Amino acid sequence: MTEDNLKVTELEKKLKKRDDELEKLRNENDSLKRSNLDLIEEIFQFKGLVYSSTSLITFLKGPDYIIEFANEPIKEVWGKGYDVEGKPLLEVLPEIREQGIKEYLDQVYYQGEPFHAKSLPIDHDKNGEMVRYYFDFSYMPQYNSENEIIGIGVIAQDITDRVKAELELKESEHRYREMIHSSNSLIAILRGPDMVIEIANDAIKEVWGKGDDVEGKSLFDVLPEIIDQGMPEIFRNVYETGEAFVAQESPIMHLKDGEMNLGYFDFIYQALRDSNGEIEGISIIANEVTNQALLNRQIKKSEREFRELVNFMPHKISLANAEGTPIYTNHSWLDFTGKSFEDFLSDSYLDMVHPDEREAVENEVERCLSTGDNLDIEVRIKDKNDNYIWHLSKATPIRDEEGNITSWISSSTEIQKLKEDEKRQEDFLKLVSHELKTPVTSIKGYVQLLLALLPEDIGDTEKRLPIKPYLNRIETQVERLIRLLSEMLDLSRIEQSELELKIEKFNLNSHVNEILEDLEYSNKDVELELQQDFKTDVYADKDRIGQVIINFVTNALKYSPDSNKVQLRIYEPEKDYVAVSVKDFGIGINEKEQSQIFKRFYRISGNNDDTYEGFGIGLYLSNEIIERHNGKIFVKSEIGKGSDFTFTIPLNHQK
Ligand code: ADP
């Protein structure tokens, strides 16, 4: 081979090698092209991922942390608009400077250590208002091909809502525990079928008396003494059925310092359920009511005793509400009426009252109910054999602290025997007065006859035998006797409704004048003045009206030991009425007694009986007489100054 040939071959070889190399390069170039395309595709995919991610993503470049890229979610959290790329992060978010964020970034940028944080709070300035956000995030260093750090990639999760919800939950749990612990009620929470104490507040621990360290232990290990008090069954039932158990004033013994203590509790045991509705425990809410329970027991005991007492009494006792409807009665009433308790309460009481008294009783009861006055009446009540038996019935109101009537208590006592005795006495008195009146009147007649027959001057005989004064005395005494007898007769007539009026027309003024003349005749040294402001005829019982005036005047004289002046006045108090008043200057009557003196046999105690003789009948009779004339009687008086008794009657001129 020639040298040239050799060279050519050499060159051809080289050329071939170049071709091969070229071919290889071409192939490499193709695959590079392909991988470049793959890369671009990957970048697009990656960018798409970053853009569409709900995570917050940003790339910060250089030591000034220029925002190279930020996705939409992070821009929304920042709240500084969408045009932030190319600006330094701390310029866009000046508010984070103070919050240590730059320090974290610097740490990553200069030391190349990724930084991860959980639940980091950052406040973002939203239009001047700082809003707290919470983030889980990572700061990762970004490298160039020379492995130098050129920036930081930030990827974060906004977990604000979750953290806030957790915080709220914690807060509410805290509040709830706080509430349990500071409550005065006894509260505990038990978990599981073994009733393990999860929470027990101080109040319940105090009552249990087993110290502070009870949480985590089973209730029955802590309080073995309640096992025999039926508690495990109750708890088990609540735990198994979910039905709450409620108790009031329930007695429970607790072993405290080696001693069993009895306490009373209001409590509720309630099932606790998890979010699936499964029972997972029991809550105890209780209140100690020992004092109240003991008091209630005491009250119940004394109420029982009182009922027994009331039932044991022979008196008929009943209780009515403020409106007078009976609500309770004792056995005595039921025995007497033969009614059942229910019938007694529901039947009308008026049906048991004698028809003669029914209207009066009804009126009086109504009056007392509306005024609150005590009731005090004599009434015939029908027994189980339909016999009417006399009773003294009294009722008195019971009032609350404000003075309002809450109920009425009434008591009825049988007075049948008393009434019968009274009637017998009255019959006897009537008989005696009647029988005595005739002989006494004839004694008076004979005395007056003797006085009339006695010559004016009997000379010396008078000295030896003072006949006239003695006869005068007999006459006065007999007159007193007659007055007494007629009062007694009148009394029994009134009692037996036999007092009848003999109505006639007469001139009141002349009648009063005549009476005064008679009175002056027998009471020599008295001064009786009559002022006649009104002159009239009346239709009335002349003798009875006279009797009232005589009673007023004799009382006026009798109760005026230091005065002998009595002033009478006849006047017209209102149209068609006439009034007669008798005024004295005697001892007077105090206000409390003024309403009493018209009652039968009422005499003011303290007035010396020896000084003022009498029986307390006169004013009673006067009152009856005036009432029967449809008139009124009243008194004005002041102790030590005197009294003014007045009666008024209608003129009745139509008769
Ligand atoms: P008596 O027979 O006791 O006088 P009365 O029925 O006439 O009975 O009077 C009842 C009571 O009223 C008297 O006991 C007296 O205490 C009192 N009384 C009546 N009139 C007067 C009076 N003018 N002054 C003071 N007390 C009087």
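The lining of the second largest pocket draws at least three residues from each of domain 3 (331–414) and domain 4 (420–487); these bounds come from an automatic or database domain assignment. This is a predicted model, in which local features need pLDDT of at least 70, side-chain atom pairs count only at pLDDT 80 or more, and totals for chains, interfaces and linings use all residues. Residues are numbered from 1 along each chain as its sequence is written, and side-chain values use heavy atoms, without hydrogens and water.

The volume of this second largest pocket is about 810 Å³. Of its 17 lining residues, Glu378, Trp390, Lys419, Glu422 and Glu495 are the closest to its centre. A pocket here is an open set of points on a 1 Å grid over the protein atoms alone, where a 1.4 Å probe fits, with protein on both sides within 12 Å along at least five of seven lines; lining residues have an atom within 4 Å of a point. Helix 12 (355–371), strand 13 (375–382) and helix 13 (416–453) each give two or more residues to the lining, and helix 12 has the largest share, five residues. Helices (H or I, at least four residues) and strands (E, at least two) are DSSP runs.

UniProt, in an unreviewed entry, places "domain: PAC" at residues 116–171 and 375–427.

Across the chain, the centres of domain 1 and domain 5, taken over C-alpha atoms, are 117 Å apart.

Definitions and conventions:
Grid points are joined across faces, edges and corners, and a volume is the space filled by probe spheres set on the points. UniProt positions are given in the numbering used here, feature names are shortened, and annotations may be inferred rather than shown by experiment.
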